[in-house]
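Here are my notes on the model you sent. Please keep the structure open while you read them.

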Amino acid sequence: MHLLIDSHAHLSMLAEDEEALSSQIDEWISAGLTAILDVGTRSDDLEPRIDLVQKCLCRRRDGESTTGDLRPTIRFSAGIWPSEEAIQNRQQHIDELETQILKAPKNLLAAIGECGLDRHWNSSEQPALVRGEQELFEAQLDLAQRYSLPVIVHSREAARETLEIIRAFPSVRGVIHCFSYGPEELLAFQDLGWYISFAGNITYKNAQSLRDALGVVSMERLLLETDSPYLAPVPHRGKAANPAMVRYQYEGASQIKHLPVETIARQVFINFNTLFRIM
């Protein structure tokens with residue numbers, strides 16, 4: 001069995017309590033999952049997310065598990081997704097996010113994010129919203145720089161603008177998660193030293209540009225993710241994704257790269273640990 005990593009999931013969106021989450025973790029372990037990065041989207045969600053997972057792991061230590069004491073390594077990020085409300089109240093949210101970062105156990109907090117730009121929801125026809133979104137993104141890159149943490153970037157229909165902003169923070173490194181562009185954009189991000197993560201949409205029929213991008217990404221910059229509960233891969237498209245489904249991304253990468261799955265898994269493990277310093 002290959003040891004797999006899901007570099008981006010939202011576990012609290014998959015289960016409301018530790019009992020439900022614990023039963024799902026048994027399935028993920030059986031699928032070969034060894035590590036998960038649980039990613040934040042709100043300024044106030046880090047503490048409750050950690051609490052949910054810690055309670056779940058306590059249940060497993062107490063023997064309420066079908067896979068014994070086996071459990072994936074789970075670490076966390078803290079970040080603010082660019083919703084309209086977060087943009088409008090950005091300073092308040094940045095202050096709260098920094099408070100959460102300072103309170104978080106250092107061994108559990110692995111990154112800032114997800115944060116970034118979304119021109120699908122935040123239209124360029126709304127200049128004030130766009131300026132606020134950029135300021136929210138820049139403020140989180142500043143936090144990453146000050147606290148020496150990598151960044152998980154959400155970038156949708158905004159490749160050029162995202163590149164411009166991260167160039168202004170040359171000491172900050174991270175990953176462009178759920179990559180949604182083509183080979184040209186990928187090489188531009190990669191040339192800045194950033195990692196690229198691919199989700200379940202690489203399996204979609206209309207996603208040839210993503211597969212082309214995966215074909216040219218350097219193995220030393222490759223990460224794979226589910227973005228659970230979103231973007232379930234074929235053959236589960238239309239259902240809620242979960243971390244066990246990341247195996248389809250590994251299989252897809254294996255086919256596109258013409259490499260064995262174990263080679264992909266070994267390199268993703270190295271990349272994940274190099275960026276996030278988790279394992």
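1. Start with Phe137, which lies in helix α5 (residues 127-147). Helices here are DSSP runs of H or I with at least four residues, strands are runs of E with at least two, and both are numbered from the N terminus. Phe137 is buried, with a relative accessible area of 0%. Buried means under 20% relative accessible area, exposed means over 50%, and partly exposed lies in between (1.4 Å probe, protein chains only).

2. What does Phe137 contact, leaving aside its neighbours within four places in sequence? The partners are Cys115, Gly116, Leu117, Val153, Thr162, Ile165 and Ile166. Contact means heavy atoms within 4.5 Å. Arg90 is 47 residues from Phe137 along the chain, and their C-alpha atoms are separated by 9.6 Å.

3. A word on the source. This is a predicted model, in which local features need pLDDT of at least 70 and side-chain atom pairs count only at pLDDT 80 or more, while totals for chains, interfaces and linings use all residues. Residues are numbered from 1 along each chain as its sequence is written, and side-chain values use heavy atoms, with hydrogens and water left out.

4. Now look at helix α6. Its buried residues are Ala159, Glu161, Thr162, Leu163, Ile165 and Ile166. What covers them includes β4 (109-118), α5, β5 (151-156) and α7.

5. How do α6 and α7 pack? Helix α6 (residues 159-167) and helix α7 (residues 183-191) meet at an angle of about 5°, and their axes are 11 Å apart. Axes are lines fitted to C-alpha atoms, for helices over the stretch in contact, and angles run from 0 to 180 degrees between N-to-C directions. The two helices are therefore roughly parallel to each other. Angles under 35 degrees count as roughly parallel, over 145 as roughly antiparallel, 65 to 115 as roughly perpendicular and the rest as oblique.

6. Which residues make that contact? From α6 come Ala159, Thr162, Leu163 and Ile166, and from α7 come Glu185, Ala188 and Phe189. They divide into five nonpolar, one polar and one charged. (Ala, Val, Leu, Ile, Met, Phe, Trp, Tyr, Cys and Pro count as nonpolar, Asp, Glu, Lys and Arg as charged, and the others, Gly among them, as polar.)

7. Turn to the sheet. Eight strands form an open sheet in the order β1-β2-β3-β4-β5-β6-β7-β8, and the pairing is parallel. Two strands pair if DSSP finds at least two bridges between them. The edge strands, β1 (4-9) and β8 (222-224), each pair on one side only. From one strand to the next, the twist averages 25°.

8. Follow the pairing at each end. Four bridges join β1 to β2, and Leu4 has Leu33 as its bridge partner in β2. Four bridges also link β2 to strand β3 (residues 73-78), where Arg75 is the partner of Leu37.

9. Is strand β2 (residues 33-38) mostly buried or exposed? Six of its six residues are buried, so β2 is largely enclosed by the rest of the structure. β1, helix α1 (residues 18-30) and β2 make a right-handed β-α-β unit. Right-handed means that, with the strands pointing away from the viewer, the path from the first strand over the helix to the second runs clockwise.

10. Check Thr41, in the loop between β2 and α2 (46-61). At 17% relative accessibility, Thr41 counts as buried. Beyond residues up to four places away in sequence, Thr41 touches His10, Met13, Gly79, Ile80, Trp81 and Glu114. Glu114 lies in strand β4. The peptide bond from Gly113 to Glu114 is cis, with omega near 15°.

11. Finally, inspect some backbone details. Most residues other than glycine have a negative phi, and most peptide bonds are trans. A cis peptide bond joins Val234 and Pro235, with omega about 20°. Pro235 sits in the loop between β8 and α9 (246-257) and is exposed, at 55% relative accessible area. In that loop, too, is Leu231, whose phi is positive, near 55°. Leu231 is partly exposed, at 27%. His258 also has a positive phi, near 55°, and is exposed at 70% relative accessibility.
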